[in-house]
Amino acid sequence: MTKKMFFIMFISLCIFSCSKVYAYEVYEHENNVSYVKAQPVYSGYEVIGKINERDDSDYYKFKAEDNGKLTVTLKHTYDDTDWRIYVYMYVNGKYEEVQYTKVNSTDSEVYTLPFVGVVKGNTYYINVESGYYADKYNLLFDFQKNEYIEREFNDYYDEATDVHVGTYEGIIN
């Protein structure tokens, strides 16, 4: 009996640890219209949002618990709507743009943006906009802890990413 129980627990553990499971599906809070009112999101969250009118803009915020890379995936339907997704980092008392991506209405319905190298303790804001009224969209947030990634901002000598032995990943936006 104990061997069967151990075997079942072992198989269950293997299945759980080998697959990526997104357990959180949440709806957008409709008052997330600014940095101050940004809806908190976490790794594994899939947020269902909607652009309600032409000038609607949705904000989400991600607080980095560790160094690593944050990947955002947009799920949308083919229509006449182009999407604009901005990623900002709050640094030195202001919001600095880290990444801008335009997703055309004809792009894949599941579009993964280039990752952003995040630094522990910093807060990152994701802003979703559309040129027109749009149907629902889904944003999926994935964070992977990793010390070997580019840190924003590193556009100048005095802002260079410190490197150690290893292979680093970076994105040119």
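**Notes on a buried tyrosine and the sheet around it**

1. Let's start with Tyr-137: at 0% relative accessibility, this residue counts as buried (buried means under 20% relative accessible area, exposed over 50%, and partly exposed in between, using a 1.4 Å probe and protein chains only). Please keep in mind that this is a predicted model, in which local features need pLDDT of at least 70, side-chain atom pairs count only at pLDDT 80 or more, and totals for chains, interfaces and linings use all residues. Residues are numbered from 1 along each chain as its sequence is written, and side-chain values use heavy atoms, with hydrogens and water left out.

2. Where does Tyr-137 sit? Tyr-137 is found in strand β11 (strands are DSSP runs of E, at least two residues, and helices are runs of H or I, at least four residues, numbered from the N terminus). Leaving aside neighbours within four places in sequence, Tyr-137 is in contact with a set of residues including Glu-28, Val-47, Ile-51, Leu-74, Trp-83 and Val-128 (contact means heavy atoms within 4.5 Å). Tyr-137 and Trp-83 are 54 residues apart in sequence, with a C-alpha to C-alpha separation of 9.8 Å.

3. Next, the nonpolar packing. The largest nonpolar core has 26 residues, of which Tyr-60, Ile-126, Tyr-137, Leu-139 and Phe-141 touch the most other members (such a core is a set of buried Ala, Val, Leu, Ile, Met, Phe, Trp, Tyr and Cys residues joined through side-chain atoms within 4.5 Å). At least two residues of this core come from each of β3 (45–50), β4, β5, β6, β7, β9 (116–118), β10 and β11 (136–145). A second, separate core of six residues includes Ala-38, Tyr-59, Tyr-86 and Tyr-88.

4. Now the sheet itself. It is open and mixed, with five strands in the order β2-β4-β10-β6-β7 (two strands pair if DSSP finds at least two bridges between them). Its edge strands, β2 (39–40) and β7 (94–103), each pair on one side only.

5. How many bridges join β6 to β7? Nine, with β6 (residues 83–91) and β7 running antiparallel; the partner of Met-89 in β7 is Glu-96. β10 pairs antiparallel with β4 over seven bridges, and antiparallel with β6 over seven bridges. Within β10, Val-128 is the bridge partner of Asp-58, while Glu-129 is the partner of Arg-84.

6. Why is β10 described as largely enclosed by the rest of the structure? Because eight of the eight residues of this strand (residues 123–130) are buried. Both faces are covered: Thr-123, Tyr-125, Asn-127 and Glu-129 are buried on one side, and Tyr-124, Ile-126, Val-128 and Ser-130 on the other.

7. Finally, a loop residue. Asp-66 lies in the loop between β4 (57–63) and β5 (68–75) and counts as partly exposed, at 25% relative accessibility. Not counting residues up to four places away in sequence, Asp-66 touches Val-118, Val-119, Lys-120, Phe-143 and Lys-145. The C-alpha atoms of Asp-66 and Phe-143 are 9.3 Å apart, although 77 residues separate the two along the chain.
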